[in-house]
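Subject: The structure I promised you

Hi,

Have a look at it first, then read on.

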Amino acid sequence: MILFQWGALLVIAAILLLEIVQAWRQRRLTWATLTRLAIWSAAAVGISFPEMVTRFANSIGVGRGADALIYLVTLAFIATTFYFYSRYLRLQRQLTDLARYLTIQEAKRPGSTPSGNVNPES
C-alpha cells in the first residue's frame, strides 16, 4: 500500500466512524445514512484493492478502472442534479401557494382593521 492509500483509508475510517456514532446517537438508521455508509465503504474497498476496480471495469466493458469511476460519478452527478432541480421547483410552487394564501388572508375587507379585527364604528 502506498502513502495515499493509508491517508485516504484513515480519512474514510474517521468519516465512517462519525456516521455510525451519529446514527447511534439518533437511535435510527435512515436510507440516507445507509447510502452514505455504502458509498464510503465502497470507496474504502476501491482504494484498498485497486485491481478490483479494474476487474469491475473490464467486466462491464470499460478498459480502465478510472474510466469506470468517471462514468459512475458523472451519472451520479446528473441524477443528483435532476433530483435537486425537481425539489427546487416543488419548493417554488409551495412558496407561491403560501404567498397566495397569506395574501388572501391579509387582504383588507371593508370595515376591518389591518390586524384583521372588525371595527364596529365603521
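A quick definition to start: helices (H or I, at least four residues) and strands (E, at least two) are DSSP runs, numbered from the N terminus. Going along the sequence, you get the pattern α-α-α-α, with four helices and zero strands in the chain.

Before the details, please keep in mind that this is a predicted model, where local features need pLDDT of at least 70 and side-chain atom pairs count only at pLDDT 80 or more, while totals for chains, interfaces and linings use all residues. Residues are numbered from 1 along each chain as its sequence is written, and side-chain values use heavy atoms, with hydrogens and water left out.

How much of the chain is buried? Buried residues account for 15% of the 122 residues. Here "buried" means under 20% relative accessible area, "exposed" over 50%, and "partly exposed" in between (1.4 Å probe, protein chains only).

Next, the salt bridges. A salt bridge here is a side-chain nitrogen of Lys or Arg within 4 Å of a carboxyl oxygen of Asp or Glu, and the structure holds three.

- Glu 19 pairs with Arg 36, with the closest N and O atoms 2.9 Å apart. This pair links distant parts of the chain, with Glu 19 in helix α1 (residues 3-26) and Arg 36 in helix α2, 17 residues apart. Glu 19 is buried at 12% relative accessibility, whereas Arg 36 is partly exposed at 35%.
- Arg 64 pairs with Asp 67, and their closest N and O atoms are 3.0 Å apart. Arg 64 is exposed, at 51% relative accessible area, while Asp 67 is partly exposed, at 21%.
- Asp 97 and Arg 100 meet through their side chains at 3.7 Å, N to O. They are three residues apart in helix α4, so about one helical turn separates them. Asp 97 is partly exposed at 46% and Arg 100 is exposed at 52%.

Then there is the largest pocket, which holds about 400 Å³ of space. Of its 16 lining residues, the closest to the centre are Ala 42, Ala 43, Gly 46, Val 53 and Leu 69. On a 1 Å grid over the protein atoms alone, a pocket is an open set of points where a 1.4 Å probe fits, with protein on both sides within 12 Å along at least five of seven lines; lining residues have an atom within 4 Å of a point. The volume is the space filled by probe spheres set on the points.

Which helix gives the most to this lining? That is α2, with six residues; α2 (31-48), α3 (50-59) and α4 (65-106) each supply at least two. The lining divides into 13 nonpolar residues, three polar and no charged. For that count, Ala, Val, Leu, Ile, Met, Phe, Trp, Tyr, Cys and Pro are nonpolar, Asp, Glu, Lys and Arg are charged, and the others, Gly among them, are polar.

One last thing to look at is Arg 27, in the loop between α1 and α2. Its phi is near 60°, a positive value in a residue other than glycine, and Arg 27 is exposed, with 66% relative accessible area.

Cheers
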